Amino acid sequence: HDVKDIGAGAKGYNAITIHNSAAKDKVHDDLKKFVYDKGQGTGVPAGVGTLAHTRGMMISMLQVEAIRAAQEKYGKGKVLTPEQVRWGFENLDLSADKLKALGFGEIMRPVKTSCQNHMGTDRARIVQW
């Protein structure tokens, strides 16, 4: 989407991304099925699967999973403090199986964070048009 309006002038353009830009996954299919097919989506359905859209879904999923991890430790149904949510972000453990169950197994690699390593294993991918 960065260069779609430039056309052929974008040939050779490089960008960096944190996910598999060529893959679509169950999360994309579910978004279409449960949101766009019901007329509840905003924006253009063709935007689903673009780099920025997929990255946004990944960021949202990471936030939800951090809160879920914090709730597992500090209690489900309770209001979490900012420190507790931070603990959730610092203790993410998204295995390949967990990512597959969430619908992100084909577009994202496993992530495990800690207090010492907030990013987990660094991975990036160069995409070129």
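I shall speak about helix packing and the nonpolar core. Please bear in mind that this is a predicted model.

I begin with helix H1, which spans residues 26-34. Which residues of H1 are buried? They are Val 27, His 28 and Leu 31. Viewed down the helix axis, these buried residues lie within an arc of 105°, so they line one face of H1. The face turned away from that buried side carries Asp 29 and Lys 33, both of them exposed. As for what covers the buried residues of H1, the cover includes helix H2, residues 51-74, and helix H4, residues 96-102.

Let me turn to the pairing of H1 with H2. Their axes are 11 Å apart, and the two helices pack at an angle of about 95°. Because of that angle, H1 is roughly perpendicular to H2. Where do they meet? From H1 come Val 27, His 28 and Leu 31, and from H2 come His 53, Thr 54 and Met 57. Sorted by class, this contact has three nonpolar residues, three polar residues and no charged residues.

His 28 belongs to helix H1. Is His 28 buried or exposed? His 28 has a relative accessible area of 5%, and the cut-off for burial is under 20%, so His 28 counts as buried. Leaving aside residues up to four places away in sequence, His 28 touches Ala 23, Val 48, Gly 49, Thr 54, Met 57 and Ile 107. Thr 54 and Met 57 are also among the H2 residues in the contact of H1 with H2.

Next, the nonpolar core. In soluble globular proteins, nonpolar side chains tend to be buried together. Here, the largest nonpolar core has 14 residues. Those with the most contacts inside this core are Met 61, Leu 99, Phe 104, Ile 107 and Met 108. H1 and H2 each supply at least two residues of the core, and H2 gives the most, with three residues.

What does Leu 99 touch? Again not counting residues up to four places away in sequence, the partners of Leu 99 are Met 61, Leu 94, Phe 104, Gly 105, Met 108, Arg 109 and Pro 110.

Finally, helix H3 covers residues 82-90, and its buried residues are Gln 84, Val 85, Gly 88 and Glu 90. These buried residues pack against H2.

Note on methods: Residues numbered from 1 in each chain as written. Predicted model: local features only at pLDDT ≥ 70, side-chain atom pairs only at ≥ 80, totals over all residues. Heavy atoms only, no water. Buried < 20%, exposed > 50% of the residue type's maximum accessible area, 1.4 Å probe, protein only. Helix = DSSP H or I, 4+ residues; strand = E, 2+ residues; numbered from the N terminus. Arc of directions from axis to C-beta. Contact = heavy atoms within 4.5 Å. Core = buried A, V, L, I, M, F, W, Y, C linked by side-chain atoms within 4.5 Å. Axes fitted to C-alpha atoms, helices over the stretch in contact; angles between N-to-C directions. Parallel < 35°, antiparallel > 145°, perpendicular 65-115°, else oblique. Nonpolar A, V, L, I, M, F, W, Y, C, P; charged D, E, K, R; others polar.
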